[in-house]
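Reader: I have a structure open and want to learn how to read it. Can you take me through its features one by one?

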Amino acid sequence: MYFKTGFAVVCAVLLAGACDSALAPGGRRIPGILEWEVLPAVTDVVPLRALASGSALRAGVVAPDTVQAGVVFAIRVTTIGPTLCWEAAGAVVELEPDLATVTPYDRTHEDEDTGCADARAELSRRVELRFTRKGETLLRVRGRRVVGRGLQEAEGMVVLEKRIQVR
């Protein structure tokens, strides 16, 4: 029992040490990844059912269906970090009477001198909004779409939308 706990602690410390630079100020701040379609390499052995169903990683938006006019409420926007050294870096909000556009941002501190665990990470952030006009409002979240194994392969934009009733 102590061995398992000790081993877990050692692994956590090593991973944290590898990502020290992610906790430091600075780095690149870029629009977050909302969808990542990971294509298998030619040498990968992939079950047929996995190819048929696709292997896309999708981020998410959690928002209420109904809110009160003039009252601040929170939504949760989650993006995909390509390694454990990435972190959520806020969001830019553009408000119009019938539309709220949210663009989440992530920060990376990786460079050629940084060692980082190569694992996809969910990067979640809380965003506060307030609608003043009653009726239906559209929440639009804009982010990047990546196809392939690397961040530079066939990047594009994706938009997630949700209708919210303002009472």
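**Reading the model, feature by feature**

Author: Start with the aromatic rings: a search of the whole structure finds one aromatic pair. Keep in mind that this is a predicted model.

Reader: How is a pair of aromatic rings described?

Author: By the distance of the centres and the angle of the planes. Here the partners are Phe-73 and Phe-131, 5.5 Å centre to centre with 45° between the planes. That pair is tilted.

Reader: Where in the chain do Phe-73 and Phe-131 sit?

Author: Phe-73 is in strand β6, and Phe-131 is in the loop between β9 and β10. They are 58 residues apart, so the pair links distant parts of the chain.

Reader: Are Phe-73 and Phe-131 buried or exposed?

Author: Phe-73 counts as buried because its relative accessibility is 9%, under the 20% cut-off. Phe-131 counts as buried too, at 3%.

Reader: What tends to happen to nonpolar side chains in soluble globular proteins?

Author: They tend to be buried together. In this model, the largest nonpolar core has 22 residues. Those that touch the most other members are Phe-73, Ile-75, Val-102, Leu-129, Phe-131, Leu-139 and Ile-164.

Reader: Which elements give two or more residues to this core?

Author: They are β2 (33–37), β6 (73–81), β8, β9 (121–129), β10 (135–147) and β11 (156–166). β6 gives the most, with four residues.

Reader: Take Leu-129. What is Leu-129 in contact with, leaving aside neighbours within four places in sequence?

Author: Its partners are Val-71, Val-72, Phe-73, Ile-75, Val-93, Leu-95, Ala-100, Val-102 and Leu-139.

Reader: And Arg-130: where is Arg-130 found?

Author: In the loop between β9 and β10. Arg-130 is partly exposed because its relative accessible area, 42%, falls between the 20% and 50% cut-offs. Beyond four places in sequence, Arg-130 is in contact with Gly-70, Val-71, Val-72, Phe-73 and Leu-95. The C-alpha atoms of Arg-130 and Val-166 are separated by 9.7 Å, and these residues lie 36 apart along the chain.

Reader: Step back. How many helices and strands does the protein have?

Author: Three helices and 11 strands. From the N terminus on, the elements run α-α-β-β-α-β-β-β-β-β-β-β-β-β. Of the 167 residues, 33% count as buried. Among contacts with a separation of 6 or more, 73% come from residues 24 or more positions apart. The protein exposes about 10200 Å², with carbon and sulfur atoms supplying 56% of it.

Reader: Where should the predicted coordinates not be read in detail?

Author: Where pLDDT is low. The mean pLDDT of this protein is 75, and 63% of its residues reach 70 or more. Confidence is lowest in helix α3 (residues 48–53), at a mean of 38. It is highest in strand β5 (residues 66–67), at 97.

Reader: Over which residues does pLDDT stay under 50?

Author: Residues 2–25 form one such stretch, with 16 contacts beyond four places in sequence in the model. Residues 42–54 form another, with five such contacts.

Terms used: Residues are numbered from 1 along each chain as its sequence is written. This is a predicted model: local features need pLDDT of at least 70, side-chain atom pairs count only at pLDDT 80 or more; totals for chains, interfaces and linings use all residues. Side-chain values use heavy atoms; hydrogens and water are left out. A nonpolar core is a set of buried Ala, Val, Leu, Ile, Met, Phe, Trp, Tyr and Cys residues joined through side-chain atoms within 4.5 Å. Buried means under 20% relative accessible area, exposed over 50%, partly exposed in between (1.4 Å probe, protein chains only). Contact means heavy atoms within 4.5 Å. Accessible areas come from the Shrake-Rupley method with a 1.4 Å probe; for residues, only the protein chains shown count as cover. pLDDT is the predictor's confidence in each residue, from 0 to 100. Rings of Phe, Tyr and Trp (its six-membered ring) pair if their centres lie within 6.5 Å; planes under 30 degrees apart count as stacked, over 60 as edge-to-face and the rest as tilted.
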